[in-house]
Amino acid sequence: MIEQGDGDLVQQTLRGNREAFGKLVERYQKPVFNVALRMLRDDADAEDVAQAAFIRAYQKLDTFDRAQKFYSWMYRIVVNEALNLIKQRDRFERFKEGTGEEVADAADQEKEAGAEQEVRDQQVQEGLMELRVDHRAVIVLKHFEGLSYAEISEILEIPEKTVKSRLFTARTVLRNVLARKGIGRHG
Amino acid sequence: MVDERIVELLNKEIDGVILPAERVILEEYRATNPEVEVMAAELRAVASALADVGQVEAPSTLKGRVMRQLNLQPRQQVPLADRLLSPVWEFFRGASGVRLAYAFSLGLVAGIALFALYIGSRDQQTFQPTDATGALILGSSAGRVEVGPVVPISSGQIKGAIGTQFTNTLTILNIKLTSPGALHAQVTFDPSVLTVRAIQRGSEGETGLAAHGNTVEIQSSGNDDYTIYFLRKSPAPGPVRVALFAANDLVFERNITVSQPVQ
């Protein structure tokens, strides 16, 4: 069976076929969820953001430029949704302080992460969370999604030169952060 | 301290985009500066640590959540211009220059004629949370404050409104009251779903009031503005009952079911 192209599915969705949009969700839910997860760390937040990103995409589908790649457009939406949540969370953080829930969650996560790789994954994720959000976004798109400088530039709407400088700076910062956690220190 | 230009070349090497001439420069520098190799190894370790973090599967509930929320949206109105031009676009797509020129001319004429209709139909696509079923439906746009419906309060001379706002984790009720006499407001909720994070009076900041069990009690002088911030523990429906008493008589009662169209 020939797989339908993204453009065809977008077209069908615009004609009122929601199942076509369902196919796009199926196709891109994994990368979209992973971008959200690496930006936010929390599974539940990542699922909320991924959901919000698909809903936004659906609402704005008539503005999608068919000359663009659908996945680039989707990445842009999910990164923006994640950045919005981070800003919003900062704003409301004071109402969540002192509950002890976050501490308990973190302790549970640590307990569950018995395997060495899981511990390391968690340390890398913690390292990512120490980066500035604009640096984190380029690292996520480059290293977890394997995108080129040009694609990241298109998604984040910044010049390629800025992508490179953010990426290189982010790696250097991450190198120091991970070294503190005992990962990758040489010499 | 490694030269900035060399750091850039090291990063390009990691990304596999280093040019042959740049590689020569890097190798020369590397041969005489051992600290470059240390840095290269550390950057490679960072890249490797990131590469080792595997992709995780999306939650099995995600697609269902998206599709359920789409079903709660007003039916998307396909812009008339799109509907009319779509077959034309399909026909001309990828065709020769002459056909493209026809397509352009046709598109221009049709575009001008349909512009007004297009703008009109776009306005119908804006999603607003609705109160169609008596339940407040969360927009669930993570990260933003969604403004929900306003529930009016009207009982004799007692007037006011309960405003609702949501973020992806907070449910916020704003109770505004105007009354000739003192009132006692009682807000009850399901503590397995909601936790009271803060209660604010007007713009004065937190009141120090707290929930006792599943109830928040507020003594109002009659003209007040209270905002209660609830943290949602789960997406399950979280019913909130707002009741107002004047001299122990129940003068207003409203059950508000806060539900999120997920799971």
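**Working chat**

Trainee: How does B:E253 count by relative accessibility?
Mentor: B:E253 counts as partly exposed, at 41% relative accessibility. Buried means under 20% relative accessible area, exposed means over 50%, and partly exposed lies in between, with a 1.4 Å probe and protein chains only.

Trainee: Before we go on, what sort of model is this?
Mentor: It is a predicted model, in which local features need pLDDT of at least 70, side-chain atom pairs count only at pLDDT 80 or more, and totals for chains, interfaces and linings use all residues, while side-chain values use heavy atoms, leaving out hydrogens and water. Residues are numbered from 1 along each chain as its sequence is written, and chains are lettered from A and ligands numbered from 1 in the order in which they are written.

Trainee: Back to B:E253, then. Which side chain meets that of B:E253 in a salt bridge?
Mentor: The partner is B:R241, at 2.5 Å from N to O. A salt bridge here is a side-chain nitrogen of Lys or Arg within 4 Å of a carboxyl oxygen of Asp or Glu. B:R241 lies in strand 10 (residues 238-246) of chain B and B:E253 in strand 11 (residues 249-259), so the pair ties together parts that are twelve residues apart in sequence. Helices (H or I, at least four residues) and strands (E, at least two) are DSSP runs, numbered from the N terminus.

Trainee: And how does B:R241 count, buried or partly exposed?
Mentor: B:R241 counts as partly exposed, at 22% relative accessibility.

Trainee: How many salt bridges are there over all chains?
Mentor: The count comes to 24. One of them joins B:R44 to B:E37, with the closest N and O atoms 2.9 Å apart. B:R44 is partly exposed at 41%, and B:E37 counts as partly exposed at 32%. Both belong to a network of salt bridges that also links B:E13, B:R23, B:E27 and B:R30.

Trainee: What about chain A: with which residue does A:R132 form a salt bridge?
Mentor: A:R132 pairs with A:D134, the closest N and O atoms being 2.6 Å apart. A:R132 counts as exposed, at 52% relative accessibility.

Trainee: Staying with chain A, how many helices and strands are there?
Mentor: Chain A has nine helices and zero strands. Of its 187 residues, 51% are buried. The chain exposes about 8,800 Å², and carbon and sulfur atoms supply 47% of that area; accessible areas come from the Shrake-Rupley method with a 1.4 Å probe, and for residues only the protein chains shown count as cover.

Trainee: Which residues have the most contacts inside the largest nonpolar core?
Mentor: They are A:F21, A:F54, A:F70, A:L141, A:L156 and B:V66, in a core of 66 residues. Helix 2 (residues 18-40) of chain A gives the largest share of this core, twelve residues. Such a core is a set of buried Ala, Val, Leu, Ile, Met, Phe, Trp, Tyr and Cys residues joined through side-chain atoms within 4.5 Å. Another core, of 25 residues, lies apart from it and includes B:I162, B:V193, B:I218 and B:I256.

Trainee: What does A:L156 touch?
Mentor: Not counting residues up to four places away in sequence, A:L156 touches A:V79, A:A137, A:V138 and A:L141. Contact means heavy atoms within 4.5 Å.

Trainee: One last item: where is B:L209?
Mentor: B:L209 is in the loop between strand 7 (194-201) and strand 8 (215-220) of chain B. B:L209 is partly exposed, at 34%, and its contacts beyond four places in sequence are B:I199, B:E217, B:I218 and B:Y226.
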